[in-house]
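Have a look at the structure first, and then we can walk through it together.

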Amino acid sequence: MKIAVRGGHNFSVPGARGIIDETTEDRKVKNSIIKYLKIAGEEVLDVTPPDSYNTVSSDLVYGVKKAAAFGAELFVSCHFNKAYDKYDGAIGTEVLVYSKNSDITIAERVLNNITNLGFKKRGVIERPGLYELRATSMKSMIIETCFVEATKDVELYRSIGFDAIGKAIAEAILNKSISSNSNQTQKPNPTPSKPNPVIKPNPTPEKPKPNLEKPKDKWIGLLQAELNKQYNSGLLVDSIAGPKTLASCIVINSGAKGNITTLIQKRLIEFGISCGKYGADGSYGASTKAAVINFQKMKGLYPDGIVGKNTWAKLLKL
C-alpha cells in the first residue's frame, strides 16, 4: 500500500498549544508511524510541509498535492486537539473522516488501537468540511491523538510515549503486528575496530540570530484598514495581529453584510472551509454560519456560529 503521512500544521502556522504543543508532538507521532510502516515494508511518503509554507491554505494544499502526485492509497494526517484553555481530566481521542458511508474500517481500527492504550474513546467523526478530507481523492483520515490542555490526556501520552502510539497506529493501518525493530535506531552504532584519526575541528561559526518578528499577513492588513474605516479604530495597518487588533474586532452574527463579513468568509475559505456556492459574497447567511461553526469545531471553540472574541482570535491566528 502507498501511504502518505503528514504532521499537522507547521511552525509558521502552528497548531494548538496547551500543556504540550501540537506541532511539536504530532511530528513525533508522524515520524514513528512512518518508521513502523517502513519496517513493515510499506511504501510511505512524508507529506509534511516545510515552515516556508506560512499560510494555512498553502500548508494544507502542500500535503494533499504531494499525496496525489505520489499516488497514495491512504492519506493520514496527525494532529492533537484542544477544546479549553485548561482542563483537569481526560477528554480523549477521535479520528475524523469525510463520511461514514465510505469505508471507515481503518479509521475505526486506529481509534481502537489508540484507545486500547488507555485514552478515552470519542469516536470516528464525520468532518466533510475539512480540506484534508474533502480535497483528497484517496481514503483519508485525521487522527486527533489527544487534547493538549487535558491533564490526564497529557499524563497518559507522556507515560506511553509517542513511539508506542505511532506503532499502534501503523499496526491499525496494516491490520497486523509489526516487529519492534526500532531498538536498532536507538542503539549507537558499534564502535569501529579501527580508531578514527583525530581531526582538529575548524572554529564553529557563529549561528545567525533567528528572526523573531511575527510574519506579516495580508488578510490582517485588510481587516485593520476596514476596522479603521468603519469604526475609527486607530490601528496601525502593519498586517501583524496583536491585542489592539483583536480588541477592535466587533461581534459578527447572522444577517451581517459588508466588507468585514467578506473578510471573514475569505479567511474561512483560506482555512479550507466552504462558505457555500456563493463564496465570499459579504452576506452572513446560513452557509456562512455553518462555515463558522465548522471552524469553531476545528479550533475547539463553542460552536455557536457567532464570530466573537475567541473566534476572532483564531481567525487572527493568535
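Let's start with a pair of helices. Helix α3 (residues 105-115) and helix α6 (residues 162-174) have axes that come within 8 Å and cross at roughly 150 degrees. Because angles over 145 degrees count as roughly antiparallel, α3 is roughly antiparallel to α6. Their crossing is right-handed. On the α3 side, the residues that meet α6 are Ile106, Arg109, Val110, Asn113 and Ile114. Their partners in α6 are Ala168, Ile169, Glu171, Ala172, Ile173 and Leu174. Sorted by class, this contact has eight nonpolar, one polar and two charged residues.

Keep in mind that all of this describes a predicted model. The protein has 318 residues, of which 49% count as buried, and it holds twelve helices and six strands. Among contacts with a separation of 6 or more, residues 24 or more positions apart account for 70%.

Helix α6 has another partner in α1. The axes of α1 and α6 come within 7 Å and cross at roughly 50 degrees, an angle that makes α1 oblique to α6. Here, too, the crossing is right-handed. From α1, the contact uses Lys28, Val29, Ser32, Ile33, Lys35, Tyr36 and Leu37. From α6 come Phe162, Asp163, Ile165, Gly166, Lys167, Ile169, Ala170, Ile173 and Leu174. By class, there are ten nonpolar, two polar and four charged residues in the contact of α1 with α6.

| Helix pair | Axes come within | Crossing angle |
|---|---|---|
| α3 and α6 | 8 Å | roughly 150 degrees |
| α1 and α6 | 7 Å | roughly 50 degrees |

Now for the loops. Ser99 sits in the loop between β4 (93-97) and α3. Is Ser99 buried or exposed? Its relative accessible area is 13%, so Ser99 is buried, given that the cut-off is under 20%. Apart from its neighbours within four places in sequence, Ser99 is in contact with Ile104 and Glu126.

Most residues other than glycine have a negative phi. Asn175, however, has a positive phi near 60 degrees, and Asn232 has a positive phi of about 50 degrees. Asn175 lies in the loop between α6 and α7 (183-186). Asn232 is found in the loop between α8 (218-231) and α9 (243-248). How accessible are they? At 55% relative accessibility, Asn175 counts as exposed, and Asn232 counts as exposed at 68%.

Key: Residues are numbered from 1 along each chain as its sequence is written. This is a predicted model: local features need pLDDT of at least 70, side-chain atom pairs count only at pLDDT 80 or more; totals for chains, interfaces and linings use all residues. Side-chain values use heavy atoms; hydrogens and water are left out. Axes are lines fitted to C-alpha atoms, for helices over the stretch in contact, and angles run from 0 to 180 degrees between N-to-C directions. Helices (H or I, at least four residues) and strands (E, at least two) are DSSP runs, numbered from the N terminus. Angles under 35 degrees count as roughly parallel, over 145 as roughly antiparallel, 65 to 115 as roughly perpendicular and the rest as oblique. A crossing is left-handed if the near helix is turned anticlockwise from the far one by less than a right angle, and right-handed if clockwise. Contact means heavy atoms within 4.5 Å. Ala, Val, Leu, Ile, Met, Phe, Trp, Tyr, Cys and Pro count as nonpolar, Asp, Glu, Lys and Arg as charged, and the others, Gly among them, as polar. Buried means under 20% relative accessible area, exposed over 50%, partly exposed in between (1.4 Å probe, protein chains only).
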